[in-house]
Amino acid sequence: MYCNYCGKVIQDDANLCAYCGKRVACAPAGRQRLMRPRDGRAIAGVCLGFAEYFDLDVSLIRIIWLIVAIFGGTGLLAYIVAWIVMPSEPKLSQAPAGAQQVPNA
């Protein structure tokens with residue numbers, strides 16, 4: 001696979017180019033909707049939801065939220081409001097273990 005920006009050969013499973021640091025086009029983009037994911041939650045998944053939506057590292061969002069909560073005082077209230085307002089990610093329904101799947105013809 002080649003980087004779209006610098007043209008150098010990179011690994012097939014790379015998300016970032018090791019040479020220029022740009023995001024590779026086939027890397028998944030952020031979520032389309034703001035929601036709280038079911039996997040990877042620390043408390044309620046609010047910070048993880050914001051991190052996936054804005055395509056940022058969840059640790060960065062958690063640190064920023066903590067700084068706002070300590071120094072601004074509104075961080076805790078905003079977290080609780082976001083917990084109530086943000087919808088939770090829907091459960092994926094899986095077929096029972098013994099069920100057969102019909103192939104598409």
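Me: What share of the contacts in the chain with a separation of 6 or more is between residues 24 or more positions apart?
Reply: This is a predicted model, in which local features need pLDDT of at least 70 and side-chain atom pairs count only at pLDDT 80 or more, while totals for chains, interfaces and linings use all residues. Residues are numbered from 1 along each chain as its sequence is written, and side-chain values use heavy atoms, with hydrogens and water left out. Contact means heavy atoms within 4.5 Å. Among contacts in the chain with a separation of 6 or more, the share from residues 24 or more positions apart is 32%.

Me: Which pattern does the chain follow along the sequence?
Reply: Helices are DSSP runs of H or I with at least four residues, strands are runs of E with at least two, and both are numbered from the N terminus. The chain has three helices and zero strands, and its pattern, read along the sequence, is α-α-α.

Me: How is α2 placed relative to α3?
Reply: Axes are lines fitted to C-alpha atoms, for helices over the stretch in contact, with angles from 0 to 180 degrees between N-to-C directions. The axes of α2 (residues 58-72) and α3 come within 7 Å and cross at roughly 125°. Angles under 35 degrees count as roughly parallel, over 145 as roughly antiparallel, 65 to 115 as roughly perpendicular and the rest as oblique, so α2 is to α3 oblique.

Me: Is Ile80 buried, partly exposed or exposed?
Reply: Ile80 lies in helix α3, residues 75-85. Buried means under 20% relative accessible area and exposed over 50%, with partly exposed in between (1.4 Å probe, protein chains only). Because its relative accessibility is 40%, Ile80 counts as partly exposed.
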